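Keep the picture open while you read.

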Amino acid sequence: MPKVTRKQQRAKQSRNFLDGIARRPHTHSRTLRRSLEEAGTSSSVSDSEAGLGVCPQCSPVLSRYATTFKEMVHSGTELKKRKKINPVPKRPESEFTHYRDVTRQNEWLRANVFDSLGSRSADSSGPTHYFLPKFATIQTPKPTVAHYEERLARSVVGEFNRVQQETGGGVCSNGSSHNWLKAHRPKVGICPHQEDYCDTCSRKKTEIHAKQTTINRLLQSSNADPDEVKKLEEEMKDTKQVLENHRKEAQESHKYYIEVTKSSRNEWKEITELERKSVLSEEEKTRLAFLKNGFKLVVSADYQMCKLVPYWGLSAQPGSTYYLQKLNHDVFGIVNHAEETSTVYLFDERVGPKNTDHTVSYLNDYFEKLPQWMNRVHLFLDNTSSTNKNCYLMAWAYEMVQQEKLSFFRVSFLLAGHTKFSPDLLFSKISQTYNRSDVFNTEELKNVVATYADVIVDDGHLVCDWRSAMDKYTKLPGIRALHDFIFTKHPITKEVVAKVRKNCATGSFDNATIRVNSGRDVHENVIPDQRTKNYVALGKTRSLSQSKVKHLQQMSKDFIPSNRHLPFINIA
Ligand SMILES: [Zn+2]
């Protein structure tokens, strides 16, 4: 076989690339031709009228890429240098935005998915976006299944087609939906049911299933290699063991969580009973002092999947609003296990996207309101690294004890998806009410949440820039493998003692390696001043994209009574 030179190889690459681009205008032109025909311009639109090959939007982009590639091929030895100075963009898709916009499919898609980053799958290779929770499947069900109508309405393709028909657009088959998603949102998935979804379990289960399928296929074929089968079987056994250990750990930490919350509740009950008495005996006084001294407040906190506004849960959603982008709201819930009360901090995407600044600011705000004597806290969070388990949160815990805001602070991380975590219970109640109501603005969302919790809406005056303040401390190496952190002050030396362990229910504690950075004073108070370091004062709030504002205006104007508009949406 003749040897292919690098130059020939490159020429082939560029040909393929240009072919790829050239194919796109055809799809585009076809869509354009169809829309021209539908508009009744003419029953037979000629190629040039339809823009085949001479699309005014495509051709400048095309010629630019063609030139770049020609240059690349002809300048052989210069290539490496050029790439460094002026890298050729690999995905020209952003240049072709008009393709995406010519089909309403993608508008619909954009308005009905939300960003899953920051939620539980952030650590994994899983989807970056989820469909709204109302969708249970992507493809339409077979017409012969039970409850066909109901299932159809809960499938992405089924609902898309219904709305397209209602608004006079074309429908999409299951087969083409596959290509549609692959091209425009390759990493979109059905929103997992929050309470019983564990990322690790689902990943391991898929792995086991894939290996089993390969083994079966090998065994059925006549020329199976016994060594390969054996190797695969052993790998599968290992994966099963990992899954088993993971489940056991989850069970143990669940049991531990239940025990700890129960004891906090009982201690609190006894304290309130004693405090309610008008006259206390000496014995009771001692008992009360003892209880208060040793009392540990147990608190769990978590984020709910974002809530969109406006939302039609009671009345039928107008078809055309399916194509319009809504305003995202994040819900941060704190459950107090002693008093059995809940508090929710609510903020919209202009104050987001949610990060550790939000987690720490809201928890800090919550702890500041506790009675002075209640300075021992045990906090449960889930394992999400983007908002919870990271060096900023640990530095904050250290600083809280260093500045004597708390005398004992323990942070435990649970395996999400296995525990009946109390915030999940709160969130499922909120979702039930939200799903059955018309929620058109932030105030109405607040009212929905207020049925179950105290609600504080943050417009950016509450969330502070904690992350930059925490540069007083060093990073904590190996934090991913750790699940339990304790911060206390040594009674004599008055230095903060930090201990960590791998499992939040069992095992022994090691000293943590988090330190104050060299050159910094350990006593320096770096807790940000809420009046000057909040997001509004620092200019860290974001404005909405123009398209989103336009969409919100359109929905308000057409479908929402004027007294229920979002206050910042001006439709005059
Ligand atoms: Zn699991």
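Which residues of helix 11 are buried? They are Ala250, Ser253, Tyr257, Thr261, Ser264 and Trp268. "Buried" has a set cut-off here: 20 or more other C-beta atoms lie within 10 Å of the residue's own, while exposed is 12 or fewer, partly exposed is in between, and the C-beta atoms are placed from the backbone. What covers those buried residues includes strand 4, strand 8 and strand 9 (408–414).

Before going on, some ground rules. This is a predicted model, where local features need pLDDT of at least 70, side-chain atom pairs count only at pLDDT 80 or more, and totals for chains, interfaces and linings use all residues. Residues are numbered from 1 along each chain as its sequence is written.

**The chain overall**

The chain has 572 residues, and 29% of them count as buried. Its secondary structure comes to 19 helices and 14 strands. Both kinds of element are DSSP runs numbered from the N terminus: helices are H or I with at least four residues, strands are E with at least two. Take contacts next, meaning two residues whose C-beta atoms, placed from the backbone, lie within 7 Å. Among those between residues at least 6 apart in sequence, 71% join residues at least 24 apart.

The chain averages 80, and 80% of the residues score at least 70.

| Stretch with pLDDT below 50 | Contacts beyond near neighbours in sequence |
|---|---|
| residues 72–79 | 9 contacts |
| residues 87–102 | 17 contacts |

**Back to helix 11**

Helix 11 covers residues 226–276, and its 51 residues should span 75 Å at 1.5 Å a residue. That expected span is 1.5 Å times one less than the number of residues. The end C-alpha atoms are 75 Å apart, which agrees.

**The sheets**

Now for the strands, which count as paired if DSSP finds at least two bridges between them. Strand 4 (residues 297–309) and strand 8 (residues 376–382) run parallel to each other over 4 bridges. Look for serine 300: its bridge partner in strand 8 is phenylalanine 380.

Out in strand 14 sits asparagine 511. Is asparagine 511 buried or exposed? Asparagine 511 is exposed, because it has 9 other C-beta atoms within 10 Å.

Another open sheet has 3 strands in the order 1-2-3, again with mixed pairing. Strand 1 (113–115) and strand 3 (188–189) have a single partner strand each, so one side of each has no neighbour in the sheet. Strand 2 (residues 129–131) pairs with strand 3 in the parallel sense over 2 bridges, and histidine 129 stands opposite valine 188 in strand 3.

**The core**

A nonpolar core is a set of buried Ala, Val, Leu, Ile, Met, Phe, Trp, Tyr and Cys residues joined through C-beta atoms within 7 Å. The largest one here has 93 residues, and Trp396, Ala397 and Tyr398 touch the most other members. Helix 14 (residues 391–402) gives the largest share of this core, 9 residues. Domain 2 (103–189) and domain 4 (296–564) both contribute, so the core lies between them; the domain bounds come from an automatic or database domain assignment. Leaving aside neighbours within four places in sequence, alanine 397 is in contact with Phe409, Val411, Phe485 and Phe487.

Key. pLDDT is the predictor's confidence in each residue, from 0 to 100.
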